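This report describes a single protein chain.

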Amino acid sequence: MAANNTTVSHLGIPSIGLSLFTLIEAALVVMGMIVLGRLMRRFILRKSKETTLTWIINEDTADIIFRMFVLGGIIWSLYLLGIMSYGIWNTTVGNIAFAIGFFYFAYLIAKKSKDYMIASSGKKARPEVMIKAKIFYYIFLTVAFFLALNFAGISGELSAVLAAIGITGIVLGFAAQTVVSNFISGVFMYFDRPLSIGDQVRIGELEGVVEDIRILSTRIRAWDGTLIRIPNEKLFNSNIVNFMRYPVRRVDIDMGISYSADAERAVEIIKDVLDGIPLVLAEPEPLVYVNELSDSAVVIAIRAWTPSEKWFDVRTRIVRDVKKALDEAGIEIPFPQRVNWFANELRVKVEESGESEET
């Protein structure tokens, strides 16, 4: 094999004297790697039709393998031509080229993995899956970036790069403190998972249905149909009441009857009404009892369990049916009443037909 002859010009720039054989050898290496890459691509495509692991062995994987062979052939030929031995700073062109190639293929793998994680969750990816996929994607790229720096031979300058990144992070942190805080809160919300899309929730004084959960904010559709956007930082620090977290939920109703009515009979009537509503669960058993003697009525507590998604329908039906049953039984649901006592005798003056009478 003819050796590469490298000389130094009067300007101090290295120059390469190449033989015809070296050029032919470099060209053959590139062509050979392209041929091998195509063969591997066809092999992977054929295997993708015979395996169930299509998320690994598929057309995208075949393209990545083909690109790796082509890039490898180009780098190999450049080494043969002596170009990769050029010095840049404290490293060589070869090290930098290898680092760039490594990071490029790491990017392709990270992107493919992220897309698979999202696609495997169904036609409409859940927000927590989206967040998990993005976190994996950025962590994978970050690790690949620092490995590429090491492969490039600039690990000695790595401390300076980290210092620059740290300073930049501090500046960006002050400039976008709210954005960063919302992002971190969104990540914590993913691990905590206090709510999901479609849940009926109360957050502080706000109530509605969760429409969307994003990295920086969560969107709630209020009962009146308005959209409420809540930053994740505020959401993470708020008291969240999730009405749909568990499959069953209790209906709490307090109903008053007059003091003259038979409380035990009223309790039995209400129990019969609850037995006639199919969505009132038999277990846990519903409770009906005298709860309080208020100013105007004897208060009867109604505690019944029902599926969470049917809670509102069951509650409205219980109120309607109990009111109807008590009316049919002649049991009064009284208006608020108040009795006033006066310390001294009250005297009322009545005037009629021009005559006055004092009582």
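## Loop residues

A282 is located in the loop that links helix 8 and strand 11 (287-293); helices (H or I, at least four residues) and strands (E, at least two) are DSSP runs, numbered from the N terminus. The relative accessible area of A282 is 67%, so this residue is exposed, where buried means under 20% relative accessible area, exposed over 50%, and partly exposed in between (1.4 Å probe, protein chains only). The model is predicted, so local features need pLDDT of at least 70 and side-chain atom pairs count only at pLDDT 80 or more, whereas totals for chains, interfaces and linings use all residues. Residues are numbered from 1 along each chain as its sequence is written, and side-chain values use heavy atoms, with hydrogens and water left out.

S258 occupies the loop between strand 10 (248-257) and helix 8 (263-275). Its relative accessibility is 7%, and S258 therefore counts as buried. Leaving aside residues up to four places away in sequence, S258 touches V298, E332 and P334; contact means heavy atoms within 4.5 Å. I197 belongs to the loop between helix 6 (177-192) and strand 5 (200-203). With a relative accessible area of 38%, I197 is partly exposed. The C-alpha atoms of I197 and V210 are separated by 5.0 Å, and the two residues are 13 residues apart along the chain.

## Helix packing

Helix 1 (residues 20-48) and helix 2 have axes that come within 8 Å and cross at roughly 170°. Axes are lines fitted to C-alpha atoms, for helices over the stretch in contact, and angles run from 0 to 180 degrees between N-to-C directions. Helix 1 is therefore roughly antiparallel to helix 2; angles under 35 degrees count as roughly parallel, over 145 as roughly antiparallel, 65 to 115 as roughly perpendicular and the rest as oblique. The residues of this contact comprise 19 nonpolar, four polar and five charged. Here Ala, Val, Leu, Ile, Met, Phe, Trp, Tyr, Cys and Pro count as nonpolar, Asp, Glu, Lys and Arg as charged, and the others, Gly among them, as polar. A27 lies in helix 1 and is partly exposed at 38% relative accessible area. A27 and L78 are 51 residues apart in sequence, and their C-alpha atoms are 9.9 Å apart in space.

The axes of helix 2 (residues 59-81) and helix 3 (residues 93-119) come within 11 Å, crossing at roughly 180°. Helix 2 is therefore roughly antiparallel to helix 3. Residues making the contact include I64, M68 and L71 of helix 2 and Y104, F105 and L108 of helix 3. By class, the contact residues are nine nonpolar, four polar and three charged.

## Chain totals and confidence

The protein chain contains nine helices and 14 strands. Of its 359 residues, 30% count as buried. The accessible surface comes to about 23,800 Å², with 60% belonging to carbon and sulfur atoms; accessible areas come from the Shrake-Rupley method with a 1.4 Å probe, and for residues only the protein chains shown count as cover.

Mean pLDDT, the predictor's confidence in each residue from 0 to 100, is 78 for the chain, and 78% of residues reach 70 or more.
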